[in-house]
Protein chains: 4
Amino acid sequence: MAPISEHTYHRQVQFPETDASGIVHFTNFFKYVEEAEHAMWRAAGLSIAVMDAELSWPRVAASFEFKRPLQFEAEFDVHLKVAEKTRKTIRYSAVLRKGGEEIAAGSLTIICVRRRPGEPARAMDMPLDIADRFQVAD
Amino acid sequence: MAPISEHTYHRQVQFPETDASGIVHFTNFFKYVEEAEHAMWRAAGLSIAVMDAELSWPRVAASFEFKRPLQFEAEFDVHLKVAEKTRKTIRYSAVLRKGGEEIAAGSLTIICVRRRPGEPARAMDMPLDIADRFQVAD
Amino acid sequence: MAPISEHTYHRQVQFPETDASGIVHFTNFFKYVEEAEHAMWRAAGLSIAVMDAELSWPRVAASFEFKRPLQFEAEFDVHLKVAEKTRKTIRYSAVLRKGGEEIAAGSLTIICVRRRPGEPARAMDMPLDIADRFQVAD
Amino acid sequence: MAPISEHTYHRQVQFPETDASGIVHFTNFFKYVEEAEHAMWRAAGLSIAVMDAELSWPRVAASFEFKRPLQFEAEFDVHLKVAEKTRKTIRYSAVLRKGGEEIAAGSLTIICVRRRPGEPARAMDMPLDIADRFQVAD
């Protein structure tokens, strides 16, 4: 399979994602991007969290600019791109769109770590069979 | 220390716990009861989830009747009691009150299981040093 | 359109729905049932939460028995049925299945209320154009 | 009362805030900062979300750098500061610390809007009795 550079993820707002101001609570935008990331990994033939595996992918940075609100049952797309790649990290950029409208734009950086019971997590180079599946978008 | 039969947990509603209907989303009542349970375990000198431990306490049943809504910043108490105890399970009853008013009442049953990597979880008798810390309320 | 008695909703476990014990946190089962309910309402041509509407559908009771755990990325179905209907309330029964396996079974009761700014919510008879869309399953 | 420039908010990690990798899911850091913000508003004699009010405070930007993981039951502080203030917006900076250790650092920008039923939200100048309660930290 060719490496993946981008992925579009379709989603509908669920009720508990809204708050008393009537719109999606901002923290859910970060969940939407992570869902899109995991869907992109599945599209690449991978799972980002294999049970009992030592490898883990904590987030080291996340940011969003919110431009328009989303309401209950709104349908939207997360357009996810691989924006940067180092030996240990991947940075994604993400744009949420509803119809033609841009709702929000963000960024998410993950790092490859090894976790063993009783030891602190350590950053490590991504295994090649994972690193080779992703490629920076043009 | 004497075994524990009940615990009162004070809490204030946080904004993301509300939904677009303006009140606390009902699933958060179950979170409040679980927070009260974990506070009760700490009051008993225990942690319900020790890192890397084989023992785990999944929930086997949970129920609630909702009587009055809760709004953002409302302060309330969870009154938690040990309602039943077997060798493998504990059932709690819980009442949420705001001022003198009953908001909701529920029940939560947990079971002691052992989880080992690569094996299915298995129900097991509670270790005595845990079982002895809890006692059914009058 | 003929009234609706049941609905099947397909879902995949998302990462933040898991907890440190490695499985789906039990409160998310209630979210899954609610998602299935809202999908059933859409299948009936309705939205359960219209912006700025006076009508609201708080939950008056919810319960679950949990039989098997769900892990990250597990795919499952929520089988939702209308189990009871009165002039003001609907009770659903729900079964979650993964492959042929029953994961959990629960119940959710909702009530029709009117909310006006500055007034307490009041139970009311369901509007007929909503009540007629649902029918108790055999 | 003198205007407020900073606030320290103490918190303990709750179980559903963890995920299957054993640590706090990154989206909860944004919830912690928002909780600290709302506690700061209460310390200033204000509520950020008054029922049925037209005023609302959506988030226009949010970012975090995550330096160390947090586990279940970890106790930590959110140190919140007013970093910038315009007529319509407030930007907070936030640092999470556990013991002496920095866990994460972030930023959150909010804007004052008016929401009326059936109209889109419009940015507006903060009311003076709110604006005067906050002051940029040194």
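**Symmetry, contacts and fold**

Me: This model is predicted. What rotation superposes chain D on chain C?
Reply: Chain D goes onto chain C with 0.0 Å of shift along the axis and an RMSD of 0.0 Å. That is how a two-fold axis relates two copies. The rotation is 180°.

Me: Which residue of chain D comes closest to that axis?
Reply: The distance is taken at the C-alpha. It comes to 1.9 Å. The residue is Asp19(D).

Me: How many residues of chain D are in contact with chain C?
Reply: On the chain C side, 12 residues take part. The chain D side divides into 5 nonpolar, 5 polar and 2 charged residues. The copies meet through the same surface, because 100% of the interface residues of chain D are also interface residues in chain C. The count for chain D is 12.

Me: Which element gives the most to the side of chain D that touches chain A?
Reply: Here 19 residues of chain D are in contact with 19 residues of chain A. The elements of chain D that give two or more residues are α1 (27-43) and β3 (59-66). By class, this side has 12 nonpolar, 4 polar and 3 charged residues. The top contributor, with 8 residues, is β3(D).

Me: In which sense do β3 of chain A and β3(D) pair?
Reply: In chain A, the strand covers residues 59-66. The pairing runs over 5 bridges. Ser63(A) stands opposite Ser63(D). The sense is antiparallel.

Me: Is Glu34(C) buried or exposed?
Reply: Glu34(C) lies in helix α1 of chain C, residues 27-43. Being buried takes 20 or more other C-beta atoms within 10 Å. Glu34(C) has 25 C-beta neighbours inside 10 Å, so it counts as buried.

Me: How far apart in space are Glu34(C) and Asp19(C)?
Reply: In sequence, they are 15 residues apart. In space, the value is taken C-alpha to C-alpha. It is 20 Å.

Me: What pattern does chain A follow along the sequence?
Reply: Chain A has 2 helices and 8 strands. Its radius of gyration is 16 Å, close to the 14 Å of the globule rule for 138 residues, so chain A is as compact as a globular protein of that length. The pattern is β-α-β-β-β-β-β-β-β-α.

Me: What share of the residues of chain A count as buried?
Reply: The C-alpha atoms of chain A fill a box of roughly 45 × 35 × 25 Å along the principal axes. Among contacts with a separation of 6 or more, 68% join residues 24 or more positions apart. Of the 138 residues, the buried share is 37%.

Terms used:
Residues are numbered from 1 along each chain as its sequence is written. Chains are lettered from A and ligands numbered from 1 in the order in which they are written. This is a predicted model: local features need pLDDT of at least 70, side-chain atom pairs count only at pLDDT 80 or more; totals for chains, interfaces and linings use all residues. Copies are superposed by least squares on the C-alpha atoms of residues with pLDDT of at least 70 in both. Two residues are in contact if their C-beta atoms, placed from the backbone, lie within 7 Å. Ala, Val, Leu, Ile, Met, Phe, Trp, Tyr, Cys and Pro count as nonpolar, Asp, Glu, Lys and Arg as charged, and the others, Gly among them, as polar. Helices (H or I, at least four residues) and strands (E, at least two) are DSSP runs, numbered from the N terminus. A residue is buried if 20 or more other C-beta atoms lie within 10 Å of its own, exposed if 12 or fewer, and partly exposed in between; C-beta atoms are placed from the backbone. The radius of gyration is taken over C-alpha atoms; the globule rule is 2.2 Å times the number of residues to the power 0.38. Two strands pair if DSSP finds at least two bridges between them.
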